[in-house]
Amino acid sequence: MKRRLTSWIAAACLALPLTGTAAKAEDPFMVGFIYPTPVADVGWAKQLDLGREAIEEAYGDRVTTRVVENIPEGPDAGRVMNQLVADGADFVMLGSFGYMNDGLRLAQRSPDVDFIHASGFRQAENFGTFTARGYEGFYLTGLAAGMVTESNTIGIVAAFAIPEVIAEVNAVTLAARKENPDVNIRIVWVNTWFDPAREQEAARALISQGADVIFSLHQDTPSVVNVAQSEGVYVVNTGSDMSAHGPDAVLGSVVTDWTDYFVEAVGASLEGTFTGHDERGGLASGMVSVAAWNDVLTEEQMARINEVEAALISGEAHVFAGPLNDQRGTERVAEGEVLPDPEIFGMDWLVEGLTGSLPQ
């Protein structure tokens, strides 16, 4: 059922119909997917594609899905999403933060088409957004990193400084320093979702500075995991369980699962009840989990991690509970308070104890 188009095929097809000439009303409900990177065995695009597979399994012949992968943010993405709608898409999943503005404009021009957009912050009646509370998973793995580091230096290879990623960086820092106040957190922003060579270079630079635990935040390949495995350090990665690529190195994998949300959103669109809203799931909903905990963690350490996880799920604890200061020492959250969602998902500042800054 799936028709996959690589970016060069998509570009070639922009001037040509991608489907037959049958009337849209006679076709199955078409769900289009645009991914910023290629679909591989692990990574961001893979997790999105598992959501697509769940849609097909749930609705069978009622739907057909189409994928266009490896589409960079910018004009190409705008052209591809316009082409999908022109070819009869009833529902479109936009899989990257930078697709937001073009997608929203297209939604406003196409009121009969429903859209969901990854990591964005703008909604409309037919344009919803979805974001995982990945910071919860990274808080747990930050605790683990603080437990196992021997050099007291932890490195973070981070993609883009968007609020979602900044929140994850801050969660790692808060947790690691809570477990080990002497730890030093260093960060390198690579400003790309997909550049394995640059990601590996950043990981090696952090290791050369003494990091013995590396966080790979939103690298869509096991590039950083491979470096950690070869250099004999621990690594925490984003998106998928990447332990097969680093069986000794992976300390834990923060996994996102979009399947339930995608099935629910498409079902609402099929029934005509879709309303654009901001979907945010975390440990409690199963949208976020941690897989492949490394055996280096003792039973006592895992019991501590599991206790914190249970408290986060129940709401007894919160990652961004006060007192909480930023890098300059300015209080951001007072004792007894927690950072509200709008500020978490709009985060543009770093917490105390982190070496590095946000890109200008």
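Where is the place of Gln 301? Gln 301 sits in helix α10, where helices (H or I, at least four residues) and strands (E, at least two) are DSSP runs numbered from the N terminus. Before we look around, a word on the ground rules. This is a predicted model, in which local features need pLDDT of at least 70 and side-chain atom pairs count only at pLDDT 80 or more, while totals for chains, interfaces and linings use all residues. Residues are numbered from 1 along each chain as its sequence is written, and side-chain values use heavy atoms, with hydrogens and water left out.

**Around Gln 301**

A polar atom of the Gln 301 side chain lies 2.9 Å from the backbone nitrogen of Thr 298. Setting aside neighbours within four places in sequence, Gln 301 is in contact (heavy atoms within 4.5 Å) with Met 147 and Val 296.

**His 245 and its partners**

His 245 belongs to the loop between β10 (234-239) and β11 (250-256). With its neighbours within four places in sequence left aside, His 245 touches Asp 41, Val 42, Pro 222, Val 225, Asn 226 and Gln 229. With Asp 41 there is also a side-chain to side-chain polar contact of 3.0 Å. Here a polar contact is a pair of N or O atoms within 3.5 Å; within protein, one must be able to donate a hydrogen and the other to accept it, and residues adjacent in sequence count only if both atoms are side-chain atoms. Arg 133, by contrast, is 112 residues from His 245 in sequence and 25 Å from it in space, C-alpha to C-alpha.

Another polar contact, again of 3.0 Å, links the side chains of Arg 52 and Glu 56. Arg 52 is part of helix α2 (residues 44-59).

**Accessibility and backbone**

Buried means under 20%, exposed over 50%, and partly exposed in between (1.4 Å probe, protein chains only).

| Residue | Relative accessible area | Class |
|---|---|---|
| Arg 52 | 3% | buried |
| Ser 119 | 13% | buried |
| His 245 | 27% | partly exposed |
| Ala 292 | 28% | partly exposed |

Ser 119, in the loop between β5 (114-118) and β6 (127-132), has a positive phi near 75 degrees although it is a residue other than glycine. Ala 292, in the loop between β13 (288-291) and α10, likewise has a positive phi, near 60 degrees, in a residue other than glycine.

There is a cis peptide bond to visit as well: the one from Gly 322 to Pro 323, with omega near 5 degrees. Pro 323 lies in the loop between α10 (299-314) and β14 (324-325).

**How α7 meets α8**

Helix α7 (residues 196-208) packs with helix α8 (residues 223-231) at an angle of about 40 degrees, their axes 8 Å apart. Axes are lines fitted to C-alpha atoms, for helices over the stretch in contact, and angles run from 0 to 180 degrees between N-to-C directions. Why are α7 and α8 called oblique to each other? Angles under 35 degrees count as roughly parallel, over 145 as roughly antiparallel, 65 to 115 as roughly perpendicular and the rest as oblique, so α7 and α8, at about 40 degrees, are oblique.

From α7, the contact is made by Pro 196, Glu 199, Gln 200, Ala 203, Arg 204 and Ile 207, and from α8 by Ser 223, Val 224, Val 227 and Glu 231.
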